[in-house]
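Visitor: I have a chain open here and would like to talk through a few parts of it. Could you take me through them?

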Amino acid sequence: MAESESSNQTLKSEKPKPLRCIVKLGGAAITCKNELETINETNLRLFCQQLREAMARSSVSKVFGMDWSRLSGDQIVIDDDEEPAFDLDTNFIVVHGAGSFGHFQASRSGVHKGGLQRPLVKAGFVATRISVTALNLEIVRALAREGVPSVGVSPFASGWTTSRRNIASADASHVSEALHAGLVPVLHGDAVLDNLQECTILSGDVIIRHLAQLLLPEYVVFLTDVLGVYDRPPTDTNAILLKEIAVDEDGNWSIVKPLLGHLKKEVEITVAAHDTTGGMETKIAEAAAIAKLGIDVYITKAGTVHSLRALKGEVGDNVPDDWLGTAIRSVKQVRPL
């Protein structure tokens with residue numbers, strides 16, 4: 001018993017390592033957004049493999065899978081005589097969106113508008129949480145199968161609340177303790193209680209900004225279903241990918257790359273009718289708020305060579321011509337062209 005207490009005290013007294021990266025895994029990137037509660041298994045698997053590669057300190061051929069449940073369908077083989085190789089930099093946080101999980105339930109019942117005492121809203125609140133926590137479990141299991149020691153952290157269960165949709169209280173101690181223990185916290189957009197309107201939806205993008213302010217990661221990566229921020233909806237054949245955006249101290253932002261005189265600050269935004277979290281508009285606003293802190297933000301498409309480079313932190317100060325994505329950073333950190 002004394003040995004156990006001593007071990008715990010040693011763990012808590014060790015200085016926490018700097019947080020390397022917070023990853024926002026967009027719901028549209030890992031679910032089939034127009035198919036209710038359907039995971040895009042290929043994209044999710046690619047993300048998990050790339051995250052593990054980004055964490056790897058050395059080349060390890062054998063993955064020590066950690067999903068030992070019956071549901072995994074895999075044969076569980078554990079060699080007690082040989083300690084598995086484990087050489088990962090686990091100082092990452094993952095926050096995922098809901099995609100085709102949760103958004104339908106929330107929009108159908110109006111959870112984001114509040115009014116928890118109404119039977120339909122209360123039922124929708126419960127249904128939304130069932131849906132988003134089910135997705136969270138599947139993402140944690142997918143990461144575990146790739147040997148990433150991940151644990152689900154639910155904002156509602158951790159006591160996060162809002163006041164008219166702005167964060168009022170957010171206990172990040174679970175996140176910090178998990179990181180300190182060498183675990184990767186996996187948070188998600190959630191239905192939470194609101195001090196003024198009784199309930200609402202707390203988006204993953206807002207969660208990331210709050211964690212970035214508290215924990216100051218080296219960089220933040222948003223993984224979506226498109227290559228980055230465009231000057232208009234990417235379905236438009238004339239859409240131009242904005243490679244670099246600078247944010248000043250007042251939160252105003254300007255386009256650095258490409259150098260096209262006709263481009264204004266504003267970009268056209270489209271949001272799906274059932275998306276209760278604001279879509280790309282919220283991503284840009286939250287990314288700009290993070291960039292103001294001096295933290296580089298990279299937005300790119302999940303499951304591509306560009307997402308792997310972003311996860312590894314290889315984009316650098318000067319955005320490479322062959323990297324497709326959007327870098328959003330403080331104007332103080334933008335290199336002159």
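Predicted model: local features only at pLDDT ≥ 70, side-chain atom pairs only at ≥ 80, totals over all residues.

Visitor: What is the strand order in the open sheet of 4 strands?

Guide: The order is β5-β4-β7-β8, and the pairing within this open sheet is mixed. The edges are formed by β5 (166–169) and β8 (198–202), each of which pairs on one side only. From one strand to the next, the twist averages 50°.

Visitor: And in which sense do β7 and β8 pair?

Guide: Strand β7, residues 190–194, pairs with β8 in the antiparallel sense, over 5 bridges. Within that pairing, Val-192 has Thr-200 in β8 as its bridge partner.

Visitor: Which helix packs on the sheet, and which strands are touched?

Guide: That is α5, covering residues 119–145, which touches β7 and β8; the direction of α5 makes about 140° with that of β7.

Visitor: Changing topic, where is Leu-293 found?

Guide: Leu-293 lies in the loop that runs between α8 (279–291) and β12 (296–301).

Visitor: Which residues is Leu-293 in contact with, leaving aside its neighbours within four places in sequence?

Guide: With those neighbours left aside, Leu-293 is in contact with Ala-212 and Gln-213. As for Leu-216, which is 77 residues apart from Leu-293 along the chain, the C-alpha atoms of the two are separated by 8.1 Å.

How values were computed: Residues numbered from 1 in each chain as written. Heavy atoms only, no water. Helix = DSSP H or I, 4+ residues; strand = E, 2+ residues; numbered from the N terminus. Contact = heavy atoms within 4.5 Å. Pairing = 2+ DSSP bridges. Axes fitted to C-alpha atoms, helices over the stretch in contact; angles between N-to-C directions.
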